[in-house]
Amino acid sequence: MAVHLPPLNGAAEWLNSEPLGPADLGGRVVLVNFWTLTCINWLRQEPYVRAWSQAYRDDGLVVVGVHTPEFAFEHDVDWVRRAVAARSIDYPVAADNDYAIWSAFDNHYWPALYFVDTDGVIRDEHFGEGRYEQSERVLQQLLGIERDPVPVKGVGPEAEADWNNLRTPETYLGFGRGEHFASPDGPALDERRAYQVPESLGLNQWALAGEWTIGSENVVLDRAGGGIAFRFHARDAHLVLAPGTGQSIPFQVLLDGDAPGPSHGVDIDGNGNGVLQDGRLYQLVRQDGPVRERTLEITFGEPGAEAYAFTFG
């Protein structure tokens, strides 16, 4: 039985467009892309979706982004607007804060792609990264064209992961989904407490230093000078952060106790200095040279920093 494109109703706001519905999209090939701004898997997929939107727009393709938030702070449409600008997204984006469109599709994943033909029938779907050539072929078939694939090269956090050297999984820090926490005496939930980093961390373990409150989806720094340490094995290390109190918060990153130098990520300099201003994913490390096990330490100069999840690539 054919599954049709459901109504795109219930968004808190639309960016780059007036609200769109089946009547606006009838007769067009539509690619619906579910994403959330802190998702590293979406960030690595996005250069492909952006390229397809630009390459096939004149052939009748409409890309519709649906931003469905994972973390509470992602409900703030200003953060979504900043993400849209930072990623040069010029196609329509629905801010699906109440999961209305997500539920209408019965979607369960970030990122997710739904391929819709000119009759409004969903002809294909793909969840997660990868399968780019096949996805582009599906779009061409629906559009009735045949061309060489669009060249795409992601940079910064959009660059493809170094899968062969990726041995550390995504790690949430709040007690709702947190694991591998190694500070002595364990976590105190929803309670301000002083923590320490143990003398040594095992691979994929993390710990807090200084005064923090561990909540259900994040850890929040209560006093300046606190930090987080993580022992990882991956080329890239990222951390989802938000400035809970709204001000800019300076931070410093060390790699095995030293400034990262040429192994710094795009959001810090070679001395390890960065500034937390926006709620988003920050790239802290991109190892220069052979990928090996390292210890990352991030220390914040002001209280109020909220940390949600480490991701790796």
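Predicted model: local features only at pLDDT ≥ 70, side-chain atom pairs only at ≥ 80, totals over all residues.

Student: Why is leucine 25 called buried?

Tutor: Its relative accessibility is 6%, and buried means under 20%, so leucine 25 counts as buried. Leucine 25 lies in helix 1 (residues 22–25).

Student: And what does leucine 25 touch, leaving out residues up to four places away in sequence?

Tutor: Leu5, Leu8, Leu20, Val30 and Val62. Take valine 62: leucine 25 is 37 residues from it in sequence, yet 7.8 Å apart in space, C-alpha to C-alpha.

Student: Which residues have the most contacts inside the largest nonpolar core?

Tutor: Leu31, Trp35, Trp52 and Leu61, in a core of 38 residues. Helix 2 (residues 40–56) gives the largest share, six residues. Apart from that core lies another, of 32 residues, with Leu255 and Phe300 among them.

Student: What makes strand 1 and strand 4 a pair?

Tutor: They share three bridges, in the antiparallel sense. Pairing takes at least two bridges, so three bridges are enough. Glutamate 13, for one, has alanine 95 in strand 4 as its bridge partner.

Student: Where do those strands sit in the sheet order?

Tutor: It's an open sheet of six strands, ordered 1-4-3-2-5-6, with mixed pairing.

Student: Why are strand 1 and strand 6 said to stand at the edges?

Tutor: Strand 1 (13–15) and strand 6 (122–127) each have a single partner strand, so one side of each has no neighbour in the sheet. From one strand to the next, the twist averages 20°.

Student: Which helices pack against these strands?

Tutor: Helix 3 (residues 77–86) lies across strands 1, 2, 3 and 4, at about 15° to strand 1. Helix 5 (residues 132–143) touches strands 2, 3, 5 and 6, and its direction makes about 20° with that of strand 5.

Student: How do you know that the length of helix 5 is close to what is expected?

Tutor: Helix 5 has twelve residues and reaches 17 Å from first C-alpha to last, against 16 Å expected at 1.5 Å a residue.

Student: Which residues of helix 5 are buried, and what do they pack against?

Tutor: The buried ones include Tyr132, Val138, Leu139 and Leu142. The buried residues of helix 5 pack against helix 2 as well as strands 2, 3, 5 and 6.

Technical notes: Residues numbered from 1 in each chain as written. Heavy atoms only, no water. Core = buried A, V, L, I, M, F, W, Y, C linked by side-chain atoms within 4.5 Å. Buried < 20%, exposed > 50% of the residue type's maximum accessible area, 1.4 Å probe, protein only. Helix = DSSP H or I, 4+ residues; strand = E, 2+ residues; numbered from the N terminus. Contact = heavy atoms within 4.5 Å. Axes fitted to C-alpha atoms, helices over the stretch in contact; angles between N-to-C directions. Expected span 1.5 Å × (residues − 1).
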